Amino acid sequence: MVLRLTLLRHGESVWNRRGLFTGWTDVDLTPEGEAEIQGAAARMAAAGMDVDVAYTSVLRRAIRSLDVVLDQLDRMWLPVHKHWRLNERHYGALQGLNKEETAARHGAEQVRLWRRSWDVPPPAIDPDDPRSACHDRRYAGLARESLPRGESLKDTVDRVLPYWTEGIVPALRLGARVLVVAHGNSLRGLVKHLDGVPDSIIPDVEIPTGTPLVYELGTDLTPLRRFFLEPDGVRPAGWGGPETYE
């Protein structure tokens with residue numbers, strides 16, 4: 001039995017376009033971002049890829065992207081599970097700042113570490129800062145101390161994996177065709193886990209916006225095949241599986 005998992009990063013967002021650190025800030029798609037997702041859904045439909053259950057974050061750019069896909073596939077009635085653990089990496093006090101201006105202020109190397117290292121978190125946001133998730137109603141049921149104030153990629157992976165194990169894996173084991181629409185860093189966490197990508201390599205793994213990443217898994221969840229559904233055809237995912245890193 002082959003299990004099917006599709007990972008999809010949301011389309012271009014308004015803050016992606018403006019070059020701002022976004023993180024948990026709830027911004028919408030640009031028109032171009034929505035068109036990206038429409039194209040992704042069309043490729044899924046053309047490839048005969050159906051979906052039984054869907055998962056997404058609680059941020060509108062991912063939710064909007066999922067809605068577009070389900071609409072295009074005529075599957076708006078499917079069960080959808082939204083969870084904060086699938087949110088993008090929390091960029092702490094950097095959220096809302098311009099990336100180029102931040103590099104000019106703090107130095108390009110420091111910003112590179114904040115953005116691309118494995119375990120260096122950005123400056124923490126103060127809980128009393130209006131940008132803090134502490135003031136957001138969607139997280140009202142969570143203990144204040146459990147809300148991130150700024151996450152490294154490692155922190156993000158540690159946050160995502162419990163939901164993968166408890167929320168998504170059970171559906172896969174039942175044979176459901178699973179679609180996860182989320183964010184670059186939360187999806188990198190799933191890729192790292194599935195493929196055993198080393199800490200030193202995962203920061204450089206790119207999950208492009210609006211491009212379905214399809215996994216065919218064995219019953220033990222070992223990847224048998226992985227590929228991107230791109231506009232010009234299927235492209236094998238290039239970072240390899242655990243055997244690459246032995």
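Two strands pair if DSSP finds at least two bridges between them. Helices (H or I, at least four residues) and strands (E, at least two) are DSSP runs, numbered from the N terminus. In this predicted model, local features need pLDDT of at least 70 and side-chain atom pairs count only at pLDDT 80 or more, while totals for chains, interfaces and linings use all residues. Residues are numbered from 1 along each chain as its sequence is written, and side-chain values use heavy atoms, with hydrogens and water left out.

Strands β6 (residues 223-230) and β7 (residues 233-236) run antiparallel and are joined by four bridges. Within this pairing, Leu229 has Val234 of β7 as its bridge partner. Two residues separate the strands, and β6 and β7 form a hairpin.

Strand β4 takes part in parallel pairing. With β1 it pairs in the parallel sense over five bridges. Leu8 stands opposite Val181 of β4. With β2, strand β4 also pairs in the parallel sense, over four bridges. Here Tyr55 has Val180 of β4 as its bridge partner.

Burial was assigned from relative accessible area (buried under 20%, exposed over 50%, partly exposed in between; 1.4 Å probe, protein chains only). Five of the five residues of β4 are buried. In a regular strand the side chains alternate between the two faces of the sheet. Both faces of β4 are covered. Val178, Val180 and Ala182 are buried on one side, and Leu179 and Val181 are buried on the other.

A nonpolar core is a set of buried Ala, Val, Leu, Ile, Met, Phe, Trp, Tyr and Cys residues joined through side-chain atoms within 4.5 Å. The largest such core has 35 residues. Leu5, Val178, Val180 and Trp239 have the most contacts inside it. At least two core residues come from each of β1 (3-9), β2 (53-56), α6 (153-173), β4 (178-182), α7 (184-195) and β5 (213-217). Helix α6 gives the largest share, nine residues. A second, separate core holds 19 residues, including Val51, Leu66, Val68 and Val181.

Leu7 is found in strand β1. Its relative accessible area is 1%, so Leu7 is buried. Contacts (heavy atoms within 4.5 Å) were listed without residues up to four places away in sequence. On this basis, Leu7 touches Val180, Leu187, Leu190, Val191, Thr211, Pro212, Leu213 and Tyr215. Leu7 and Arg188 are 181 residues apart in sequence, yet 9.9 Å apart in space, C-alpha to C-alpha.

Thr102 is found in helix α4 (residues 99-106). At 4% relative accessibility, Thr102 is likewise buried. Leaving out residues up to four places away in sequence, Thr102 touches Phe21, Leu94, Leu97, Gly107, Val111 and Trp114.

Salt bridges (a side-chain nitrogen of Lys or Arg within 4 Å of a carboxyl oxygen of Asp or Glu) number 19 by this rule. In one of them, the side chains of Glu32 and Arg17 meet at 3.2 Å, N to O. Glu32 lies in helix α2 (residues 31-46) and Arg17 in helix α1 (residues 14-18), so the pair ties together parts that are 15 residues apart in sequence. Glu32 is partly exposed at 41% relative accessibility, and Arg17 is partly exposed at 46%.

Arg60 and Asp26 also form a salt bridge, at 3.3 Å, N to O. Arg60 lies in helix α3 (residues 60-72) and Asp26 in the loop between α1 and α2, so this pair ties together parts that are 34 residues apart in sequence. Arg60 is partly exposed, with a relative accessible area of 39%. Asp26 is partly exposed at 23%. A network of salt bridges links Asp26, Arg60, Asp136 and Arg138.

In the salt bridge of Glu216 with Arg225, the closest N and O atoms are 3.5 Å apart. Glu216 is buried at 16% relative accessibility, whereas Arg225 is partly exposed at 41%.

Grid points are joined across faces, edges and corners, and a volume is the space filled by probe spheres set on the points. The largest pocket holds about 340 Å³ of space. It is lined by 19 residues, of which Arg9, Glu88, Tyr91, Lys99 and Asn185 are the closest to its centre. Helices α5 (108-116) and α7 each supply at least two residues of this lining. The largest share, three residues, comes from α7.

Technical notes:
On a 1 Å grid over the protein atoms alone, a cavity is a set of points where a 1.4 Å probe fits but cannot get out, and a pocket is an open set with protein on both sides within 12 Å along at least five of seven lines; lining residues have an atom within 4 Å of a point.
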